[in-house]
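Look at the sequence and the model first, then read the points below.

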Amino acid sequence: QVNVVESGGGLVQPGESLILACATSRSVFAMAWYRQAPGKQREMIAAINTERRTDYADSVKGRFTISMDSDQNTMYLQMNSLKPEDTAVYYCWAQNHLGIGFWGQGTQVTVSS
């Protein structure tokens, strides 16, 4: 069992930045950020593994940066140049070394003037 906890959501204006953090109760193999906007399906926006390989959705490429601490327990999402369409609940997903995935409870990000 891996506990996953997100933090850092909030209300920002368009063009501003925000950092999300995701802490896990033990080291994991891979982590990712998903988001779900009202009325839309949950989508993967950024992923990273212990080899520091990253992957981004086209919608956030160049604006968002994913990183992982060396202890492989904490992941961050630096979000720059935020847009109203980035408004969503952001979820952290973590995969342990057995290939089992675990979800966090989500954190709300609202981009509005």
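Met31 stands opposite Ile48 in strand E5. The model is predicted, so local features need pLDDT of at least 70 and side-chain atom pairs count only at pLDDT 80 or more, while totals for chains, interfaces and linings use all residues. Residues are numbered from 1 along each chain as its sequence is written, and side-chain values use heavy atoms, with hydrogens and water left out.

- Helices (H or I, at least four residues) and strands (E, at least two) are DSSP runs, numbered from the N terminus.
- Two strands pair if DSSP finds at least two bridges between them.
- E4 and E5 pair in the antiparallel sense, over 6 bridges.
- The hairpin of E4 and E5 has 6 residues between the strands, and Gly39 there takes a positive phi near 80°.
- E5 also pairs with E6 in the antiparallel sense, over 3 bridges.
- In this second pairing, Ala46 stands opposite Tyr56 in E6.
- E5 and E6 form a hairpin with 4 residues between them, and Arg52 in the turn has a positive phi of about 70°.
- Strand E5 (residues 43–49) has 5 of its 7 residues buried, so it is largely enclosed by the rest of the structure.
- Buried means under 20% relative accessible area, exposed means over 50%, and partly exposed is in between (1.4 Å probe, protein chains only).

**Val60 in its loop**

- Val60 is in the loop between strand E6 (54–56) and strand E7 (64–68).
- With a relative accessible area of 0%, Val60 is buried.
- Val60 touches Arg35 and Ile45, not counting residues up to four places away in sequence; contact means heavy atoms within 4.5 Å.
- Between Val60 and Gly9 there are 51 residues in sequence and 17 Å in space, C-alpha to C-alpha.

**Aromatic pairs**

- Rings of Phe, Tyr and Trp (its six-membered ring) pair if their centres lie within 6.5 Å; planes under 30 degrees apart count as stacked, over 60 as edge-to-face and the rest as tilted.
- By this rule there are 2 aromatic pairs.
- Tyr34 and Trp103 have ring centres 4.9 Å apart and planes at 65°, so this pair is edge-to-face.
- Tyr34 lies in strand E4 (residues 30–36) and Trp103 in strand E10 (residues 101–103), so the pair ties together parts that are 69 residues apart in sequence.
- Tyr91 and Trp103 are also edge-to-face, at 6.4 Å centre to centre with 90° between the planes.
- This pair links distant parts of the chain, with Tyr91 in strand E9 (residues 88–95) and Trp103 in strand E10, 12 residues apart.
- Tyr91 is buried at a relative accessible area of 14%, whereas Trp103 is partly exposed at 40% relative accessibility.

**Arg42 over the rings**

- A charge sits over a ring if NZ of Lys or CZ of Arg is within 6 Å of the ring centre and within 35 degrees of the ring normal.
- The charged end of Arg42 sits over the ring of Tyr91, 3.6 Å from its centre.
- Arg42 also lies over the face of Trp103, at 4.6 Å from the ring centre.

**Disulfide**

- The structure holds 1 disulfide, a term for a pair of cysteine sulfur atoms within 2.5 Å.
- Cys22 is joined to Cys92, S to S 1.9 Å.
- The link of Cys22 and Cys92 is left-handed, with -80° about the S-S bond.
- Cys22 in strand E3 (residues 18–24) and Cys92 in strand E9 are 70 residues apart, and the pair links distant parts of the chain.
- Cys22 is buried at 0% relative accessibility, and Cys92 is buried at 0%.
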